[in-house]
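Me: I would like to learn how to read the sheet and the overall fold here. Please take one feature at a time.

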Amino acid sequence: MKLQKKIILTGSAGQIGQAFLEHLSNSNDNYYIYALDKNKNFSNKKNVENIEIDITKEDEVLNFFSKVNHIYGLINNAGIGVFSSFLSRSVKEFKEVLDVNLVGTFLMSREAIKIMIKSKSGKIINIGSIYGVNSSDYRIYGESGRNNSEVYSITKSGIIMFSKYLATHFAPYNIQVNTISPGGIEKNQSIDFKNEYIKKNPSGRMGQTKDLLPALDFLLSEENKYTNGENLVIDGGFTKW
Ligand code: NAD
């Protein structure tokens, strides 16, 4: 029987995480998924293990990894934003975003790499954002209350650089680390916001979670052994003019 490929997916109860979980758990690639989230997951598939964890808490992360002995891949997808205005930003809000997006990703990656080094193999995918590449264009947000914050952008550009750092330092151990940076994914945003976003997008629509799946498959595939430290921006061309 083919060996199960163990994947750790954080933020698995969220919008993108659920789509990733559904896709990977139905894949023919024989994945076994540790589905990690602060909130309860809903998957009852037999190749999914639901784990409630706060990835910002070092003791919880260490406890999880003490039960894991081999990993094919880690997808650092958990992330948060904050939508109040910059001038009202509190240190508490600022630190909360740093904690989940950077400290959580750092802790998960550090522990995963300790295991991956032993098997001399591993694939890490960090989820960035278009706002780690470009600053958010406040003109499209109007009164929508969805104007992305400085701290979100800071963390997402940090994620892109973190991937490059890990990619270069751990390539000798056959570990690949790449970023997927999605553009805005359609959800329950206001019609006004959607219209403004779409006007600015060469593809004329917002993203869907399924738009991210080909990049996920590519980065996880066994055949892909040479893409390292790359940032795949999946945004319909939003950031290209
Ligand atoms: P979401 O809010 O739907 O899901 C995020 C998940 O992360 C939630 O289930 C939440 O419980 C979990 N989480 C938050 N803090 C955690 C913690 N401390 N420990 C464990 N789990 C925690 O978000 P989403 O839209 O699915 O976004 C997923 C990723 O994609 C994020 O990193 C986000 O920044 C990025 N992203 C999203 C979009 C978008 O438009 N949705 C665009 C670009 C990038």
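Me: How many bridges join strand β1 to strand β4?
Reply: Two strands pair if DSSP finds at least two bridges between them; helices (H or I, at least four residues) and strands (E, at least two) are DSSP runs, numbered from the N terminus. Here 3 bridges join β1 (residues 5-10) to β4 (residues 73-76), and the two run parallel. In this pairing, I7 stands opposite G73. The model is predicted: local features need pLDDT of at least 70, side-chain atom pairs count only at pLDDT 80 or more, and totals for chains, interfaces and linings use all residues. Residues are numbered from 1 along each chain as its sequence is written, and side-chain values use heavy atoms, with hydrogens and water left out.

Me: In what order do the strands form the sheet?
Reply: The order is β3-β2-β1-β4-β5-β6-β7, an open sheet of 7 strands with parallel pairing. Because β3 (48-52) and β7 (231-234) each have a single partner strand, one side of each lacks a neighbour in the sheet.

Me: Which strands does helix α1 touch?
Reply: Contact means heavy atoms within 4.5 Å. Axes are lines fitted to C-alpha atoms, for helices over the stretch in contact, and angles run from 0 to 180 degrees between N-to-C directions. Helix α1 (residues 15-25) packs on the sheet and touches β1, β2, β3, β4, β5 and β6, making about 165 degrees with the direction of β2. Helix α4 (residues 150-170) touches β5, β6 and β7, at about 160 degrees to β6.

Me: How many helices and strands are in the chain?
Reply: The chain has 6 helices and 7 strands, in the pattern β-α-β-β-α-β-α-β-α-β-α-α-β along the sequence.
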